[in-house]
Amino acid sequence: LGWACWKTYVGRPETDWARKFAMTLLANGLSAVDHHEDSLHVQEAELSMRRRLGDSEDNILVVQGNLATTYQLLGRLEDSLRLRQKVYSGNLKFSGEENEETLVSALNYAVSLVNLERYQESRKVLCKMTPVARRFLGDCNDLTLRMQIMYATTLSLDEGATLDDLREAVTTLEEL
């Protein structure tokens, strides 16, 4: 379906919304069937095109987030982390803390830090943004709960965790 969409709209100007959407659909389709390397090339081309055309920062952040996911799937964890940090910082700058995209990007950034066993850095992000999620989205919101679970995970996976850290992890999970 992605290829069909791309073939239909590839002849249109780069500025055409349908062509941009076709690139996104093609990249997502390739990723859905585990052709992540091919998806990566499409996403890199899309990001380059959107920058060249002066697309909105919001749209560029979305493409960078998708690209970070693909890097992660390919095992390129440092590249993924670099983009996750850019997306998180960009969302903070343009949308503020009390924004669902900012909160999602904070969680994604924290997960990328955990993937590289940088638990203390991940906890810093989560300690800053989880209270925002609780206040903005509520205690029972799925994103808020995932942030709390990730916080407990960072405590329990850290080899330098103290007994108090492990107790805090258990307490965090018990309170959910």
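User: What is the volume of the largest pocket?

Analyst: Rolling a probe the size of a water molecule over the atoms shows where empty space is left. In this structure, which is a predicted model, the largest pocket has a volume of about 270 Å³.

User: Which residues lie nearest the centre of the largest pocket?

Analyst: Thr130, Arg134, Gln148, Thr172 and Glu175 lie nearest the centre, out of 13 residues that line the largest pocket.

User: Which helix supplies the largest share of the lining of the largest pocket?

Analyst: Helix α7 does, with five residues. Both α7 and α8 (142-157) supply at least two residues each to the lining of the largest pocket. By residue class, the lining of the largest pocket comprises seven nonpolar, three polar and three charged residues.

User: Turning to charged side chains, how many salt bridges does the count come to?

Analyst: A salt bridge is assigned when a side-chain nitrogen of Lys or Arg is within 4 Å of a carboxyl oxygen of Asp or Glu. By this rule the count comes to 11 salt bridges.

User: Which residue forms a salt bridge with aspartate 79, and where do the two partners lie?

Analyst: The partner of aspartate 79 is arginine 82, and the closest N and O atoms of the pair are 3.9 Å apart. Aspartate 79 and arginine 82 both lie in helix α5 (residues 77-95), three residues apart, about one turn of the helix. Aspartate 79 is partly exposed at 23% relative accessibility, and arginine 82 is partly exposed at 39%.

User: Which parts of the chain does the salt bridge between arginine 135 and glutamate 98 tie together?

Analyst: The closest N and O atoms of arginine 135 and glutamate 98 are 2.9 Å apart. Arginine 135 lies in helix α7 (residues 119-137), whereas glutamate 98 lies in the loop between α5 and α6 (100-115), so the pair ties together parts that are 37 residues apart in sequence. Arginine 135 counts as exposed at 53% relative accessibility, while glutamate 98 is partly exposed at 42%.

User: Which residue meets glutamate 121 in a salt bridge, and which residues are joined into one network?

Analyst: The side chain of glutamate 121 meets that of arginine 118, with an N to O distance of 2.9 Å. Glutamate 121 is partly exposed at 35% relative accessibility, and arginine 118 is partly exposed at 29%. Salt bridges that share partners join Glu46, Arg50 and Asp55 into one network.

User: How many disulfides are counted?

Analyst: A disulfide is a covalent bond between the sulfur atoms of two cysteines. In this model the count comes to zero disulfides. Among the cysteines, cysteine 127 is partly exposed, with a relative accessible area of 44%, and cysteine 140 is exposed at 74% relative accessibility.

User: Where is glutamate 117 found, and what is its phi?

Analyst: Glutamate 117 is found in the loop between α6 and α7. The phi of glutamate 117 is near 60 degrees, a positive value in a residue other than glycine. Glutamate 117 is exposed, with a relative accessible area of 58%.

Notes:
Residues are numbered from 1 along each chain as its sequence is written. This is a predicted model: local features need pLDDT of at least 70, side-chain atom pairs count only at pLDDT 80 or more; totals for chains, interfaces and linings use all residues. Side-chain values use heavy atoms; hydrogens and water are left out. Helices (H or I, at least four residues) and strands (E, at least two) are DSSP runs, numbered from the N terminus. Buried means under 20% relative accessible area, exposed over 50%, partly exposed in between (1.4 Å probe, protein chains only). A disulfide is a pair of cysteine sulfur atoms within 2.5 Å. On a 1 Å grid over the protein atoms alone, a cavity is a set of points where a 1.4 Å probe fits but cannot get out, and a pocket is an open set with protein on both sides within 12 Å along at least five of seven lines; lining residues have an atom within 4 Å of a point. Grid points are joined across faces, edges and corners, and a volume is the space filled by probe spheres set on the points. Ala, Val, Leu, Ile, Met, Phe, Trp, Tyr, Cys and Pro count as nonpolar, Asp, Glu, Lys and Arg as charged, and the others, Gly among them, as polar.
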